[in-house]
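Subject: Structure handover

Hello,

Here is the structure you were waiting for. Please open it alongside this message.

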Amino acid sequence: MSDASDSLPWLHGRTILLTVAGSRAYGTNTAGSDVDLKGVAVPPREFYLGAFNRFEQADKPSHAARYLEDLLPEEQRVAQETKLEGTVFEVTKFIRLAADGNPNVLEVVFAPDANVRMERLGGALIRENRELFLSRTLKHRFAGYAISQLHRIKTHRKWLIDPPTAPPRREDFGLTERTSIAKDQLAAVQAAVAKQLDRWNEDFDDGTMTEGSKIRIREHIADYLSELQIAAEDRFTAAGRKLGLEENFLHLLQREREYAGAAQHWAQYQNWHANRNEDRAKLEREYGYDTKHAMHLVRLLRMCREILTRGEVLVRRPDAEELLAIRNGAWTYEEIAAWAEREELELEELYRGSRLPRQPDRKKLDELTVRIVESML
């Protein structure tokens, strides 16, 4: 959102690219699907040269409503009957997100022509130079988003099958009713250990690495530690030992962490149970897992494969009918989980053999950004 103004009177006139995104771009929209917009804008000169105006994105319903007349008649009707929402990014933020491989942003860069509702010079330049955004970095983003969907599926399924019935108790973790460690001392020690863990993760970064490279190296570190059977809690203990903490204190600290984690899990379950979307809840009750998450998981992993093998970001899905079938329960939970795990392994092999550059050409993307901003200023 902008912290400069809620009105943004210049927004529509300085939007250089606007697309209909989401399910209507993928071809998986249904009768009840709303209209989702995504776009790019170049704010006025003072936002770049002045001291007090800032703009990163416009994402309020009132902002989306300004583009109603840019939509096709059918989209206007649906938007008025259901919902019109979306996000319009400031151009430099948009370019950075696209270069880092954000799937939700790249669907604007590679949107089918039929889904483009506004395209001024700067927007045309972005789409004409779309190949600059292609790199093997996209594997980490697309696969990462997909696996996060799988984690949510697994968590929600566990809650469906075996829901927690009561909040955790401290005594269940061998703890007294009240912690024997002063609250500020506990927070300080946990922060120190967390800082040591972060230092281990960041030692490889010389300040010039891209986000994709960092993600890949962290994945390798995690895999290596897993192969050595060093669990996350053991890493925490190892960090504490490096700081010189006594073993008894470390064991107590670990139990406090386990209790805090269980309490957080309980709070997450309560929030999920109280705020579930009724349509999603109906799908979960009927099929035993969130089939909408599964549809997006399959879409993202297949797009990842297409990027690595064909150098294409196919937003309009050639498998749209199958994706809708998955959303309607065509695959069992076991099939989804097994397929995703196999696909993740295969994508790692495709990553190694891909002909795409390891990273996007950031120098050319920077030059493109300057050209677009100058054309609007």
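This is a predicted model: local features need pLDDT of at least 70, side-chain atom pairs count only at pLDDT 80 or more; totals for chains, interfaces and linings use all residues.

Residues are numbered from 1 along each chain as its sequence is written, and side-chain values use heavy atoms, with hydrogens and water left out.

Overall

The protein has 17 helices and 5 strands (DSSP runs numbered from the N terminus, with helices being H or I of at least four residues and strands E of at least two). Of its 377 residues, 45% count as buried (buried is under 20% relative accessible area, exposed is over 50% and partly exposed is in between, with a 1.4 Å probe and protein chains only). The accessible surface comes to about 20000 Å², and carbon and sulfur atoms account for 49% of that (Shrake-Rupley method with a 1.4 Å probe; for residues, only the protein chains shown count as cover). Among contacts between residues at least 6 apart in sequence, 79% join residues at least 24 apart (contact means heavy atoms within 4.5 Å).

Pocket and cavity

Both terms rest on a 1 Å grid over the protein atoms alone: a cavity is a set of points where a 1.4 Å probe fits but cannot get out, a pocket is an open set with protein on both sides within 12 Å along at least five of seven lines, and lining residues have an atom within 4 Å of a point. Grid points are joined across faces, edges and corners, and a volume is the space filled by probe spheres set on the points.

The largest pocket has a volume of about 1000 Å³. It is lined by 32 residues, of which Ser23, Asp34, Arg280, Lys292 and His296 are the closest to its centre. Two or more lining residues come from each of helix H1 (23-26), strand E2 (35-41), helix H6 (103-109), H8, helix H13 (278-287) and helix H14 (291-310). H14 gives the largest share, 6 residues. His296 is itself in helix H14, and it is buried at a relative accessible area of 18%. Leaving aside neighbours within four places in sequence, His296 is in contact with Tyr26 and Gln149.

The search of the whole structure finds 1 cavity of 30 Å³ or more. The largest cavity holds about 40 Å³ of space, and its lining includes Leu11, Leu37, His63 and Tyr67. Helix H3 (61-64) and strand E4 (84-90) each supply at least two lining residues; the largest share, 3 residues, comes from E4.

Aromatic pairs

Rings of Phe, Tyr and Trp (its six-membered ring) pair if their centres lie within 6.5 Å; planes under 30 degrees apart count as stacked, over 60 as edge-to-face and the rest as tilted. By this rule there are 10 aromatic pairs. Why is the pair of Trp10 and Phe47 edge-to-face? The ring centres are 5.3 Å apart and the planes are at 65°, so the pair falls in that class. Trp10 lies in the segment before strand E1 (15-21) and Phe47 in helix H2 (residues 46-49), so the pair ties together parts that are 37 residues apart in sequence. Trp10 is buried at 14% relative accessible area, and Phe47 is buried at 13%.

Trp159 and Trp272 form a tilted pair, 5.2 Å centre to centre with 45° between the planes. This pair links helix H8 (residues 137-161), which holds Trp159, to helix H12 (residues 247-275), which holds Trp272, across 113 residues. Both Trp159 and Trp272 are buried. Together with Trp266 and Tyr269, they form one aromatic cluster.

Two arginines lie over tyrosine faces: Arg136 over Tyr351, at 5.5 Å from the ring centre, and Arg170 over Tyr259, at 5.4 Å from the ring centre. A charge sits over a ring if NZ of Lys or CZ of Arg is within 6 Å of the ring centre and within 35 degrees of the ring normal.

Other residues

In helix H5 (residues 91-99), the buried residues include Val91, Phe94, Ile95 and Ala98. H5 is followed by Gly101, whose phi is positive, near 90°. Arg54 lies in the loop between H2 and strand E3 (57-58) and is partly exposed, with a relative accessible area of 41%. The C-alpha atoms of Arg54 and Glu90 are separated by 9.8 Å, with the two residues 36 apart along the chain.

Regards
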